[in-house]
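Please keep the structure open beside the text as you read.

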Amino acid sequence: MKKSLIALTLLFGGIYQPIHAQTVNTAKLDSLMDVLAANNKSMGSLAISQNGHIIYQKSIGYAAIDSPSTIPSTAKTRYRIGSISKMFTGVMIFQLIEQGKLTLQTTLDKYYPQIPNAGKITVGMMLNHHSGLHNFTNDPAYLEYMVKPQTHDQMLTRIAAMKPDFEPGAKGEYSNTNFVLLGYIVEKLTNKPYATAVKSMVIDKAGLKDTYYGKNINTGNNEALSYTYEGKWKKFVDTDMSIPGGAGGMVSTPADLDKFIEAIFNGTLVKPASLAQMETLSDRFGMAMFKTPFNDKTGYGHGGAIDMFRSLVSYFPDQKLAVAYIANGGSYTPEQVLVGVLSIYFKTPYSIPTFAEVKGADKYVGVYSSTTIPLKITITTDGAALFAQATGQSSFPLDAAGQPDVFKFDAAGIVMEFHPATSSFTLKQGGAQYEFTKEQK
């Protein structure tokens, strides 16, 4: 949920013109996936579809490790997909608009007048993240209740108490709050629970076989657990699925995600006018959709993150190409996987990544603190790799950045430049940088 891509039959004068898939370098795709698995950089599943047909699938790693048994990932492994769920919610909202049950201009106060600025916040603003509603998952309190069941009333009380970040319509800023509320609106207008509504309005219409609203993870039902890698794979906590709702509660497979996004673009789920609205960007945000360009080609889709699950689905209309990757652990992001996959598919220059062992890692080990932020970071090593752990957070692996003493964690956009001579390092993230000094024993 944090802050994330069909087959169109062409008929011209009654003549059927099929679009043929180009030859795919499966060996190179295998090499990419295999090197990620061999270096514990990712566990997950990939599916590529062209013109409505799967042309490549591969799974790496495990759906479960010692829970109670170890289960390898397969094409049928089902994963939590986080914020890709917003596309499901967006599709339902546009279906309801097409049915005349609401409009993009309908204001939030019609359903939830207790929410700040509800009279000025429209459905359209929530769809493209222009509402100004604060993102509830950014609040420190979220970590205290994320694994506990929550009612709609409890969530609404929290949302109503949050101060807006800006005036509605002033700008775009990603907020899960928008889509939790949109999911609740779907329930009100359909008089059905979200799980039931999404099944009839999206899943059944698109013919998805391994997609549904999530519950407690059941590995016996081909569902994956999520993990961090700290020298070995370590199970992560599971968000209670009463919380994410229409913002991040769905479970799926890459093959089903390909089929889902194809169904959006081929007219199965929404009308062309609705699709045009979804594609239209304002401050980088479409309505439940983002643009995912690759070189001179334009794709659309969404990413997702919940617990340690990471996902991405992208569709390129001109090429009738859908790509989806879902990971249940690892520091190599779906965005990085997508770049590799698209480079290989479109035959652009691309080198399979290499991951060298960290030499002399012991010189970095220690507890570091900063005078500018109240945070300590502990650096550890397993003899081959380097790990960092901030106070109160899970540890994460550091990859060599190609320069002496410089390491990175791409999933969070972190770069750490160590200065062994002064027992310190500089942390760079989001355009800011912070100095940390090793504490003396």
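1. Contact here means heavy atoms within 4.5 Å, and helices (H or I, at least four residues) and strands (E, at least two) are DSSP runs, numbered from the N terminus. The model is predicted, so to speak of local features requires pLDDT of at least 70, while side-chain atom pairs count only at pLDDT 80 or more, and totals for chains, interfaces and linings use all residues. Residues are numbered from 1 along each chain as its sequence is written, and side-chain values use heavy atoms, with hydrogens and water left out.

2. Begin with helix H6 (residues 176-190) and helix H7 (residues 194-206), whose axes come within 9 Å and cross at roughly 75 degrees. Axes are lines fitted to C-alpha atoms, for helices over the stretch in contact, and angles run from 0 to 180 degrees between N-to-C directions. Angles under 35 degrees count as roughly parallel, over 145 as roughly antiparallel, 65 to 115 as roughly perpendicular and the rest as oblique; H6 and H7 are therefore roughly perpendicular to each other.

3. At this crossing, Gly 183, Val 186, Glu 187 and Thr 190 of H6 meet Tyr 194, Ala 197 and Met 201 of H7. By class, the contact has four nonpolar, two polar and one charged residues, where Ala, Val, Leu, Ile, Met, Phe, Trp, Tyr, Cys and Pro count as nonpolar, Asp, Glu, Lys and Arg as charged, and the others, Gly among them, as polar. In the loop between H6 and H7 lies Asn 191, and phi of Asn 191 is near 60 degrees, a positive value in a residue other than glycine.

4. A second pair to look at is helix H2 (residues 85-98) and helix H8 (residues 254-265), which pack at an angle of about 30 degrees with their axes 12 Å apart. H2 and H8 are therefore roughly parallel to each other. Met 87, Phe 88 and Val 91 of H2 make the contact with Leu 257, Phe 260, Ile 261 and Ile 264 of H8, and the residues of this contact divide into seven nonpolar, no polar and no charged.

5. Grid points are joined across faces, edges and corners, and a volume is the space filled by probe spheres set on the points.

6. The largest cavity holds about 50 Å³ of space, and its lining divides into four nonpolar, two polar and four charged residues, including Arg 78, Lys 215 and Glu 223.

7. Finally, check the cis peptide bond that joins Ser 67 and Pro 68, with omega about -10 degrees; Pro 68 is placed in the loop between strand S5 (62-64) and strand S6 (71-72).

Technical notes. 1 Å grid on protein atoms, 1.4 Å probe; cavity = no way out; pocket = protein on both sides within 12 Å on 5 of 7 lines; lining within 4 Å.
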